Amino acid sequence: MSIFSNDAFLQLYSDFVKYRKSRLFKRRSLPAIHARCSERVNGSEYITPEKHADVFPPTAPKQDSLALNATFKARIIMKPYTPTSTQPTLLFIPDISGFTQFVHNTEITHSQHIIEELLEVLIDANEIGLVVSEIEGDAILFYLEGKAPTAAELLAQVQRMYVKFHAHLKKYETHRICQCGACRMANQLALKFVVHYGDIAHKQVKQYSKLFGKDVIVAHRLMKNEVPHEEYVLLTHQLINACSSWVQIEQAAWAAPESGEGTYDFGSISYCSIPLDPLKNHVPEPTIEDYSLPGATTKLVAFETVIEAPIELVFDVLSDLSARHHWMLGVTGSDKLNSRIPQHGSTHRCIMNGDESDPFFISHNFETSSELITFTDTNLKDGLVFVYRLRRIGTAVTRAEHHIFMKLHFLKELLLKRGLKKKYQGFAEGSWHNMNRYCKELVEEDKQPPAQILLEPAAVA
Ligand SMILES: [Zn+2]
């Protein structure tokens, strides 16, 4: 009789169903099924030590699939997973709040993009070796096994995450193009932290460590509390009592800690909280960088065409840096994007050769109105500048201009200008031909490109 954890059961059962449907099963070659499943089971992390031979006996008699199915199920005993022994562990949960429920598609998508970016900012700001256990919606469950960090270390970590979080949001004010509710409201998002320390059991599932134990539940229950601030760090007394250095919390904190207590289904928990608002003074003001190519450039191409689609759609496609391969000649993809929603200073690399020779662009100088949109893509390394201009000439017709400039040295200009002009003229013609075809397809199929920008706030329903 084999004993498997629930995960092992599911894995085995899905393997079984898969192979049952396979050509092997149709030929009723049970030894073959057994051999295939053995490979999977032996390579699996889910299985408990006992052999799987009971489940797929090599000499199983012929039987129909239902009977085999029943046999399979009967031979497995579902057993609750018994976690490994507990370890003293710090639980550290930053939680983002403040978005309302959106109804417009762009706002729903952009709110998700903004949260994803912020979660990445928090993870990148980790300096004390916190490990991500899970992303839980708009929160991250971090943990750190062993001795708790000192009050000074932990509060410095909170401060670093908080400042990076709000610095990122401030850029939404200064660098934003999109006028959707999510992008406009982004700088009102708030951050709080719940930090607890207790005995936690770990279960390893592939590369992830799933945390178990009463203290994991305590930390999550504490997300709802009576702290009278919107942004704060809540530190349980269990954490404060765990380490002698925590008596210095008054010295390490930027504001006086406030005591609190909450009553939960498992009993009462005492904690202290520190408001985060005073840390706003540490958030730097974003600057609008100048990405223009310094010095004189030579105009190589002044291309103009008409696209049979509304200006909003053409701009959505044009500004979506991950969609360049849909229309730009020779481009097979994009990477090195620094923002999910196009804004002043968005970067991308056009993948053409798949190496360092591929052009890396910064998008900037956006000027948007309902009738006219301009912006520039600059490749500082190669001295290449694309200036785009879109003008509305009908409800579903847009005039597009693409001006290409290059920084040329005197000798290079003499020798290469003619060839370069021809090359980039062909590039613009081919690319904009593709753009027209791609936009027409989107219009005909009534599809929206994935990265939409609202140039004006969405009408309230
Ligand atoms: Zn937006």
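Me: Which residue in strand 5 stands opposite Leu91?

Reply: Leu91 has Tyr143 opposite it in strand 5. This is a predicted model, in which local features need pLDDT of at least 70 and side-chain atom pairs count only at pLDDT 80 or more, while totals for chains, interfaces and linings use all residues. Residues are numbered from 1 along each chain as its sequence is written.

Me: How many bridges pair strand 3 with strand 5?

Reply: Strand 3 and strand 5 (residues 139-145) are paired antiparallel over five bridges; two strands pair if DSSP finds at least two bridges between them. Strands here are DSSP runs of E with at least two residues, and helices are runs of H or I with at least four, both numbered from the N terminus.

Me: And what about strand 3 and strand 6?

Reply: Those two also pair in the antiparallel sense, over 11 bridges, with strand 6 covering residues 190-205. Within that pairing, Asp95 has Lys192 of strand 6 as its bridge partner.

Me: Is Leu90 buried or exposed?

Reply: Leu90, which sits in strand 3 (residues 87-97), is buried because 25 other C-beta atoms lie within 10 Å. The cut-offs are 20 or more other C-beta atoms within 10 Å for buried, 12 or fewer for exposed and anything in between for partly exposed, with the C-beta atoms placed from the backbone.

Me: What does Leu90 touch?

Reply: Setting aside residues up to four places away in sequence, Leu90 touches Tyr143, Leu144, Ala148, Pro149 and Tyr197, where a contact means that the C-beta atoms, placed from the backbone, lie within 7 Å. The C-alpha atoms of Leu90 and Asp215 are 9.8 Å apart, although 125 residues separate the two along the chain.

Me: Switching to the core: which residues have the most contacts inside the largest nonpolar one?

Reply: They are Phe92, Ile93, Val195, Val233, Leu234 and Val314, in a core of 83 residues. A nonpolar core is a set of buried Ala, Val, Leu, Ile, Met, Phe, Trp, Tyr and Cys residues joined through C-beta atoms within 7 Å. Helix 6 (residues 151-174) gives the largest share of this core, nine residues.

Me: Where does this core lie?

Reply: It lies between domain 2 (87-282) and domain 3 (298-444), because both give residues to it; the domain bounds come from an automatic or database domain assignment. As for Ile93, its contacts beyond four places in sequence are Ala139, Ile140, Leu141, Phe142, Phe193, Val194 and Ala219.

Me: What is the strand order in the open sheet of seven strands?

Reply: The order is 11-17-16-15-14-13-12, with antiparallel pairing. Strand 11 (298-307) and strand 12 (333-335) each have a single partner strand and stand at the edges, so one side of each is left without a neighbour in the sheet. On average, neighbouring strands of this sheet are turned by 25° against each other, direction ignored.

Me: Which helix packs on the sheet?

Reply: Helix 11 (residues 311-319) does, touching strand 11, strand 15 (372-379), strand 16 (384-394) and strand 17 (397-406), and its direction makes about 160° with that of strand 16. Axes are lines fitted to C-alpha atoms, for helices over the stretch in contact, and angles run from 0 to 180 degrees between N-to-C directions. Helix 11 is mostly covered, with eight of its nine residues buried, among them Val314 and Asp316.

Me: How many residues lie between strand 15 and strand 16 in their hairpin?

Reply: Four, and Gly383 in that turn has a positive phi of about 65°. Strand 15 and strand 16 run antiparallel and are joined by eight bridges, with Thr374 partnered by Arg389 of strand 16.

Me: What joins strand 16 to strand 17?

Reply: A hairpin joins them through two residues, and the two strands run antiparallel with 10 bridges between them. Leu384 has Met406 in strand 17 as its bridge partner.

Me: Last one: why does Ile404 count as buried?

Reply: Ile404, in strand 17, counts as buried because it has 22 C-beta neighbours inside 10 Å. Apart from neighbours within four places in sequence, Ile404 is in contact with Leu300, Val301, Phe386, Tyr424 and Ala428. Gln425 is 21 residues from Ile404 in sequence and 8.9 Å from it in space, C-alpha to C-alpha.

Notes
Two residues are in contact if their C-beta atoms, placed from the backbone, lie within 7 Å.
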